[in-house]
Amino acid sequence: MKKGLFVFILFMCILAAVPLFLGDPFVCHILIMTMMYATMSIGWNVIGGYAGQVSFGNAAFFGVGAYTTAILLVNFSVNPWLGMLAGCVLSVGLAVVVGYPCFRLRGHYFAIATIAVGEIMVVIFTNWDYVGAAVGIYMPILEESFTNFEFHSSKIPYYYIILCMLVFAIAVSYIVEESRLGYYLRAIKDDPDGARSLGIDIQKYKMIAFSISAVLTSICGTFYGQYVLYIHPSSTMDLMMSIHLCIIALIGGIGKLFGPVIGAFVFIPLMELTRVYLGSEGQGIDMIIYSLLVIMIAIWRPQGLWALFSRGDK
Amino acid sequence: MSSDILIVDNVTKRFGGLTANADISFSIKEGEIIGLIGPNGAGKSTLFNCISCFYNADGGRIVFKGQEITRKDPESICRMGIGRTFQIVRTFKDMNVLENIMIGAFLRNPKRKDAQARSEEVAGVFRFTDKLYLKATSLTISEQKRLEVARVFATGPKVMLLDEMMAGLNIHEIKESVELVLRLREMGITLVLVEHVMEGIMPIANRIVVLDYGEKIAEGTPDEVVNNEKVIEAYFGKKYAKRRENKTRIQ
C-alpha cells in the first residue's frame, strides 16, 4: 500500500505540473475532461463497483448538479459554489427517492430501472420551459474570478479546480474502501442474503453508497456548467454518459480505487482524439475503437487495466 | 417457561397450496443443543428461515428472550443475537478468510481496527490463524462451512442456527465439527442444528425435534427419538416399521 501511495502522489504531482509546461488549450481541455470523467467514474464505482449495483442513470445526478447551479445563478444570482452545494443536496434527494424503490430490485432489474430514471429526467428537462426546455441555459458572463467560478482567458484555473475534485473523489473512495461501509458494500455485492444474515441492513448501505455516488457526480455537473457556460438536456443527462462512466470503470478495474482513474486516462483521450481527428470520417470511429478495447479487456484482463499495474499487490 | 431463550409457538408457513410447516411448537432453554431432523422436504430449512426471519411465518409466534420476532427482518434478528448459517455455503467468494470474519465482526465493532482485532481472535478459535489471507474459495468445503460458522460467531450471537454443517464431511471432519459445537456451547451459545448426519448430532444433542411432511412428529432425548415408531416410519417407511414392531413383539 505504501508503494501505491507513492505512485499516487507522484501521479498527482505530474498532473499538477502539466499546465506549467503545456500551454496548449486543446491538451488542457482533454485533461480536464479526463479528470472530470475520472471523478464521476469514481462516483459510479462506489455504487456500481463496490456495491455491485450497476447504475445506468448516474448522468441524472450530473444533470441535477448542472441545472441546479445554472438556475440558481441565472434566476436568483446565487453563487455557483453555493449552487454546487444545493445541487449535491438535490442529487442526494434524487438518489434516495430513486433508490428506495429500485434497491428492492436485484441484479439486472436495478440497472434497467436506472436507465428508465435517466431517460425520464431527459424527457422532463427537454419539455420543461422553466429550465429552458430543449434549448438549454446560457450562464451569464461574470467577472473572471475564483468566487464567480468563471474564467475566460485561460483553462488552467478550471484544470486545477477539477484536479482538486479528483483528489477529493479519490480520498472519499479510499475512505469508503477502508471503512466498514466498504466491507459491507463488498459483502452485499458478493451475497446479499449472506450479508443480511450477518446483520447488514443492505437497503441502508446501498442508499448511502448511492448518495456518495450522487454527490461525486453532481459536483462534476456544476463544474461542467461553469466550464462550458452552456448546458442543455442532451449534453448533461444523456444515457451515453452514464454508459461511459460504467465503461471507464470497467476498462480500468471495477471495484478498485484507481480503476476508474486509469480507465478515464485511457478512454477519454482516446475518445476525444478519435473524435477530433476521425470525426470527419464519419461519426462513431471512436466508438468502434473503444468497443474493440472493451472486448479485448473482457477477454484478456477481465479485472481491468488496473491488474496490469498491480501484479504484486494482493 | 421464562428460562426458555427461544420459543416456537404454532408456527405455520405455506407456499401456495403446500404447507411447509404446520403448527410447529417447541422451546429451547439457554445452553441447550437441539437437533432438528427429518427426511428431505420435511420443512427443516423452512423452519430455520422462519426463525431467522428470511421468511415471515403465516401463523404462530416466535419469541426470543421474551420478545416476539415473528415479523422482523433477518438483519435485525442478527443484531438481536440469533445467528444462522446456510445449507449451501455462502462465504463471500471475493474476500479472504480474515475479511469474511470481519464482515461479521463489524456488527459489534464499527471501527476497522477493532473489527480486525476481534476477527483475528475469532480466527484463532476456529483454527484459521495460518489461513487468514487465503481466498475463501480456496478452502475445502469443510473449512468453508467452518468459516461460515466463524463469521456468524463474530457477530456475537446468543443462539446459533446451523444448517447441515456436517453434510458432506468425512468422519474425521465430522468429529472436528462435533468438538466445535461443544466448544460453542461451553462459550454459552445455545445451538440449533439441522442435521442429517446422525452420528454427528445424536451424541451431543440434549433434545431432538423430528419433522416430517411439515409437522412435528416427535420430540425427546436422542434415545427416545430413535425408538419412536413415528420416526422409524418416517425414515424407513410403514412396511419396515410394521415388520420391526412384529419382530419386537415376538421377541
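Reply: Gladly! Let's start in the loop between β1 (137–138) and α6 (156–178) of chain A, where F149(A) lies. Do keep in mind that this is a predicted model.

Me: Why is F149(A) called buried?

Reply: Buried means under 20% relative accessible area. F149(A) has a relative accessible area of 0%, so the label buried applies. The backbone deserves a look too: F149(A) is not a glycine, yet its phi is positive, at about 55 degrees.

Me: Let's turn to a helix. How do you know whether S211(A) is buried or exposed?

Reply: Set the value against the cut-off of under 20% for buried. S211(A) has 14% relative accessibility, so it counts as buried. This serine is part of helix α9 (residues 202–228) of chain A. Beyond its neighbours within four places in sequence, S211(A) is in contact with V92(A), A95(A) and V96(A).

Me: And what makes I288(A) count as exposed?

Reply: Exposed means over 50%. I288(A) has 53% relative accessibility, so it counts as exposed. Its place is in helix α13 (residues 285–300) of chain A. Together with L292(A), I295(A), M296(A), I299(A) and W300(A), I288(A) forms a nonpolar surface patch with about 670 Å² of accessible area.

Me: Now the sheet in chain B. Why are β2 and β5 of chain B called edge strands?

Reply: The open sheet has four strands in the order β2-β1-β4-β5 (chain B), and the pairing is antiparallel. Strands β2 (18–29) and β5 (67–68) of chain B each pair on one side only, and these are the edge strands.

Me: How do you know that β4 and β5 of chain B pair?

Reply: Pairing needs at least two bridges between the strands. Two bridges join β4 (residues 59–64) of chain B to β5(B), and the strands run antiparallel. Here F64(B) stands opposite Q67(B) in β5(B).

Me: Which helix lies across β1, β2 and β4 of chain B?

Reply: That is helix α1 (residues 44–51) of chain B, which runs at about 115 degrees to β1(B).

How values were computed
Residues are numbered from 1 along each chain as its sequence is written. Chains are lettered from A and ligands numbered from 1 in the order in which they are written. This is a predicted model: local features need pLDDT of at least 70, side-chain atom pairs count only at pLDDT 80 or more; totals for chains, interfaces and linings use all residues. Side-chain values use heavy atoms; hydrogens and water are left out. Patches are made of residues with over 30% relative accessible area and no salt bridge: like charges are joined within 9 Å, nonpolar side chains (Val, Leu, Ile, Met, Phe, Trp, Tyr) within 5 Å. Accessible areas come from the Shrake-Rupley method with a 1.4 Å probe; for residues, only the protein chains shown count as cover. A salt bridge is a side-chain nitrogen of Lys or Arg within 4 Å of a carboxyl oxygen of Asp or Glu. Buried means under 20% relative accessible area, exposed over 50%, partly exposed in between (1.4 Å probe, protein chains only). Contact means heavy atoms within 4.5 Å. Axes are lines fitted to C-alpha atoms, for helices over the stretch in contact, and angles run from 0 to 180 degrees between N-to-C directions.
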